Amino acid sequence: MRYVDPHVPLIRPVRPRTPGSCEDCVAAGTPWLHLRMCRTCGRVGCCDSSPMRHARAHAHTAGHPIVRSLELGENWSWCYVDEAYV
């Protein structure tokens, strides 16, 4: 049986607000490695391998748990609450 994440209903048809950069890293002047887009509001944040982990922070503070990778050639989503691919 395939796992169905209970947070999937929070996914909306959104576009990245800042497709090429982490909004918070730009504001703070910090670097990022990879970008993730919130699938509820379109906010772009940096990944867990980046120093500031803004995508994870947004997921927890905004209650928007699912992100999509914005990296070229990647087509996956991740739920920070369940620590699972969606």
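Q: Which residue forms a salt bridge with Arg-43 in which the closest N and O atoms are 2.7 Å apart?
A: This is a predicted model, in which local features need pLDDT of at least 70 and side-chain atom pairs count only at pLDDT 80 or more, while totals for chains, interfaces and linings use all residues. Residues are numbered from 1 along each chain as its sequence is written, and side-chain values use heavy atoms, with hydrogens and water left out. A salt bridge here is a side-chain nitrogen of Lys or Arg within 4 Å of a carboxyl oxygen of Asp or Glu. With the closest N and O atoms 2.7 Å apart, the partner of Arg-43 is Asp-24.

Q: How many residues apart in sequence are the parts that Arg-43 and Asp-24 tie together?
A: Helices (H or I, at least four residues) and strands (E, at least two) are DSSP runs, numbered from the N terminus. Arg-43 lies in the loop between E1 and E2 and Asp-24 lies in helix H1, so the parts tied together by this pair are apart in sequence by 19 residues.

Q: Is Glu-23 buried or exposed?
A: Buried means under 20% relative accessible area, exposed means over 50%, and partly exposed lies in between (1.4 Å probe, protein chains only). Because the relative accessibility of Glu-23 is 18%, this residue counts as buried.

Q: Which residues are linked into a cluster by ring pairs?
A: Rings of Phe, Tyr and Trp (its six-membered ring) pair if their centres lie within 6.5 Å, and planes under 30 degrees apart count as stacked, over 60 as edge-to-face and the rest as tilted. By this rule the count comes to two aromatic pairs. Trp-76 and Tyr-85 are edge-to-face at 5.7 Å centre to centre, with 90° between the planes, and Trp-78 and Tyr-85 are edge-to-face at 4.9 Å, with 80° between the planes. The cluster linked by ring pairs is made up of Trp-76, Trp-78 and Tyr-85.

Q: Is Tyr-85 buried or exposed?
A: Within this cluster, Trp-78 counts as buried at 17% relative accessibility, whereas Trp-76 is partly exposed at 24%. Because its relative accessibility is 57%, Tyr-85 counts as exposed.
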